[in-house]
Amino acid sequence: MTTGITCKRMIVAGLLCTGLAVPVGVYAIGEPPPSASQSAPARETWQKEFDSVCSRSQDAMSFSEEELATLIKRCDVLLPQIEKLDETRKKVYMGRLRMCRGLYAYVLESKRNEKK
Amino acid sequence: MLTCSNRRGTKKNDRGRFLLTLACGVFLLAGVASAQFFLPPPPPAQPSDYGKVILDTDASKSGPGAVVFDHWLHRSKFTCRLCHVDIGFAMAAKGTGIRADSNRQGFHCGACHDGKKLFGGKPLFAACSDGPGGKQCDRCHSLGKNGVREYEYRAYTAKFPKAHYGIDWQAAEAAGIVKPVDFVEGVSIKKTKIESREDFSIKAGVTWVHPVFFSHEKHSIWNGCELCHPEIFPTAKKSAVQYTMFSNIEGRHCGACHLKVAFPLNNCQMCHPRAPAWAQQ
Amino acid sequence: MNRRLFIALALILVFCGQSLSQTGTKKKRPLPYEFGRVVLNNYSEKADLSPVVFEHWIHRSKFTCRVCHVDIGFAMKAGATGIHAVDNERGYYCGSCHNGKMIVDGKAVFAACSNKKLTYEDQRRCDRCHSIGKKVPSDFDFFTFSQPLPKERFGNGIDWEKAEEMGLIKPASFLDGFTIPKHSLAAQKDFDLNPKVEGMPDIIFSHKKHTVWNGCELCHPEIFMGVKKGNSHYNMVDISEGKSCGACHVTVAFPLMDCQRCHSKPVQP
């Protein structure tokens with residue numbers, strides 16, 4: 001039972017950290033632009049996070065290494081949430097997340113290489 | 001105990017001999033088969049047959065009969081590039097997949113044979129169109145039919161300089177007898193010219209064969225760049241390791257042209273200029 | 001004994017080996033309306049349907065490459081996405097647009113796939129995509145479509161860049177519900193690549209021209225992994241096999257035979 005309580009605490013702590021990371025990340029990266037979509041169905045929480053993380057891919061080259069590292073971490077946090085989706089959405093969003101995270105990792109690596 | 005002298009006649013030895021004989025037989029067969037690869041085929045006996053292509057995607061099954069395409073008439077008028085790059089014909093029979101439909105839509109043969117483009121002041125007959133009677137079909141679908149073609153080889157090429165296989169096209173152009181056209185309005189699109197690359201020589205894969213001398217200039221006048229690159233010659237490395245006589249004789253690389261349409265491979269000195277005189281077959 | 005047999009077999013293979021290679025001939029060139037055609041058959045035949053024929057030319061006149069290959073998530077190779085009918089029914093992949101609701105040219109785009117009992121009309125609808133071996137009338141005719149567009153060599157025979165410049169096509173870069181609203185892209189600099197072959201004009205690679213249609217993620221890092229300039233080496237053999245530039249410039253974007261499109265200094269207008 002001690003193990004169970006520890007597990008619960010870890011989950012709660014993890015959720016708290018994620019909850020803190022989102023506003024911190026948003027503060028660091030900046031507010032995402034307002035959605036122009038009026039007709040699309042309401043976005044779920046993970047979708048909003050996905051939009052927030054992957055909407056700035058075209059600015060990737062202007063981010064600092066720390067900002068890129070934060071974005072990559074946010075992608076990693078999203079991954080298990082996407083894995084729990086139904087088969088179709090899992091397939092679609094895993095692919096999109098892979099491309100989005102891949103780009104940030106690529107840009108981070110090229111920045112680190114430039115320094116060397 | 002078995003010794004060397006009394007090993008003969010044992011089962012193991014018999015089996016060994018059998019396997020050796022089998023291996024020799026296989027060697028021999030391979031040697032015979034590879035003779036097809038070693039030696040380039042001679043050109044056809046009739047010079048008018050050199051460069052003849054039979055096109056039969058399904059013409060012989062669907063009625064009009066197989067098409068006979070004679071290179072000599074078209075290459076006296078147009079560069080290789082016009083047909084094989086601008087129009088897009090493949091370089092092996094059945095490779096293009098020409099159909100009556102695609103001709104009527106203005107592709108392939110229909111790019112010029114559209115009933116409108118002028119040739120010698122007259123409009124070229126439209127390919128696969130509803131022409132009068134069946135005679136028009138026979139102008140191309142002429143395999144096995146006599147007296148249906150408008151141009152006859154001997155009369156047409158009477159003044160052309162000859163080679164042992166057919167026509168010496170380089171000499172014909174140098175003498176101004178043929179002036180191959182490289183641009184047709186509505187078919188070709190003009191592009192900035194890429195400067196012709198330098199001529200170079202390629203060492204043969206074996207020491208007893210003289211090097212090949214390749215002239216980019218001579219090839220690019222008729223072919224441009226795109227005909228050969230990158231499909232026929234994808235790599236920039238000038239090397240006999242990749243481009244060998246084996247592949248040429250199979251119809252790949254140099255053999256894409258120099259097996260059945262451009263001067264044939266069995267005239268060794270045309271490419272290996274220092275080859276001995278006896279090397280010509 | 002075994003060694004001799006082995007040598008004999010090896011020699012036979014050497015003689016025959018040359019014919020196993022596929023390069024060195026001029027292959028069939030797709031006609032302008034066939035260029036960019038993709039046949040999809042992960043599951044169609046297993047479901048007793050003809051394989052799907054996807055034509056790039058009509059779709060690329062309506063949307064940028066990024067909308068389909070990043071926002072919707074189609075892979076860049078036939079069969080690699082693994083589209084199921086149920087994915088389309090749920091409004092993903094083909095169903096992102098082919099949902100019976102999206103309006104294009106004043107008409108609703110037909111819905112892809114269906115889990116209901118199919119009527120005769122429904123089955124005709126299936127044939128619109130599952131059309132291998134069938135003569136299926138299309139809403140769009142290539143000749144009518146391409147006739148007013150500026151011409152180019154090879155591929156579809158259409159100069160897509162110029163067509164967009166002239167306003168004859170307006171590929172949308174936003175798809176409601178899929179595209180995340182973004183700022184416009186600040187393109188990376190153009191740069192030149194020096195060919196190893198003497199005399200070949202330098203290649204000027206235009207990031208601007210590519211990112212306008214592709215964004216960044218389509219190419220980086222999956223198609224172009226190298227992060228340090230000068231470390232990656234591209235050769236025509238690899239490209240013609242579909243690697244690096246060949247991911248697009250063999251079967252969909254202007255093909256490799258159009259040398260001057262890349263090997264030209266300065267960038268062709």
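## Domains of chain B

Domain bounds here come from an automatic or database domain assignment. Everything below describes a predicted model, in which local features need pLDDT of at least 70 and side-chain atom pairs count only at pLDDT 80 or more, while totals for chains, interfaces and linings use all residues. Residues are numbered from 1 along each chain as its sequence is written, and chains are lettered from A and ligands numbered from 1 in the order in which they are written.

For chain B, the assignment gives domain 1 (47-174) and domain 2 (200-279). The C-alpha centres of these two domains of chain B are 26 Å apart. Where they meet, 11 residues of domain 1 of chain B are in contact with 11 residues of domain 2 of chain B; contact means that the C-beta atoms of two residues, placed from the backbone, lie within 7 Å. On the domain 1 side of chain B, helix α4 (residues 80-87) gives the most, with 4 residues. Helices (H or I, at least four residues) and strands (E, at least two) are DSSP runs, numbered from the N terminus. That side of domain 1 of chain B has 6 nonpolar, 4 polar and 1 charged residues. In this classification Ala, Val, Leu, Ile, Met, Phe, Trp, Tyr, Cys and Pro are nonpolar, Asp, Glu, Lys and Arg are charged, and the others, Gly among them, are polar.

## Chain B as a whole

Chain B has 11 helices and 6 strands. Of its 281 residues, 26% are buried, meaning that 20 or more other C-beta atoms lie within 10 Å of the residue's own; with 12 or fewer a residue is exposed, and in between it is partly exposed, C-beta atoms being placed from the backbone. Among contacts in chain B between residues at least 6 apart in sequence, 47% join residues at least 24 apart.

## Domains of chain C

Chain C is assigned domain 1 (37-144) and domain 2 (183-269). Their C-alpha centres in chain C lie 29 Å apart.

## Where chain A meets chain C

Between these chains, 26 residues of chain A are in contact with 22 residues of chain C. On the chain A side, the elements giving two or more residues are α2 and α4 (87-115) of chain A. Helix α4(A) gives the most, with 12 residues. The side of chain A that touches chain C has 11 nonpolar, 11 polar and 4 charged residues.

Have a look at Ser57(A), which sits in the loop between α2 (45-54) and α3 (65-83) of chain A. Ser57(A) counts as buried because it has 23 C-beta neighbours inside 10 Å. Leaving out residues up to four places away in sequence, Ser57(A) touches Cys100(A), Leu103(A), Gly215(C), Cys216(C) and Glu217(C).

## The buried face of α2(A)

The buried residues of α2(A) are Glu49(A), Phe50(A), Val53(A) and Cys54(A). Viewed down the axis of α2(A), these residues fall within an arc of 110°, so they line one face of the helix; the arc is that of the directions from the helix axis to the C-beta atoms.

## Confidence

The predictor gives the complex an ipTM of 0.80 and a pTM of 0.78. The mean pLDDT of chain C is 86, and 89% of its residues reach 70 or more; pLDDT is the predictor's confidence in each residue, from 0 to 100. Over residues 16-20 of chain C the pLDDT is below 50, and this stretch has 5 contacts in the model beyond near neighbours in sequence. Where pLDDT is low, the predicted coordinates should not be read in detail.
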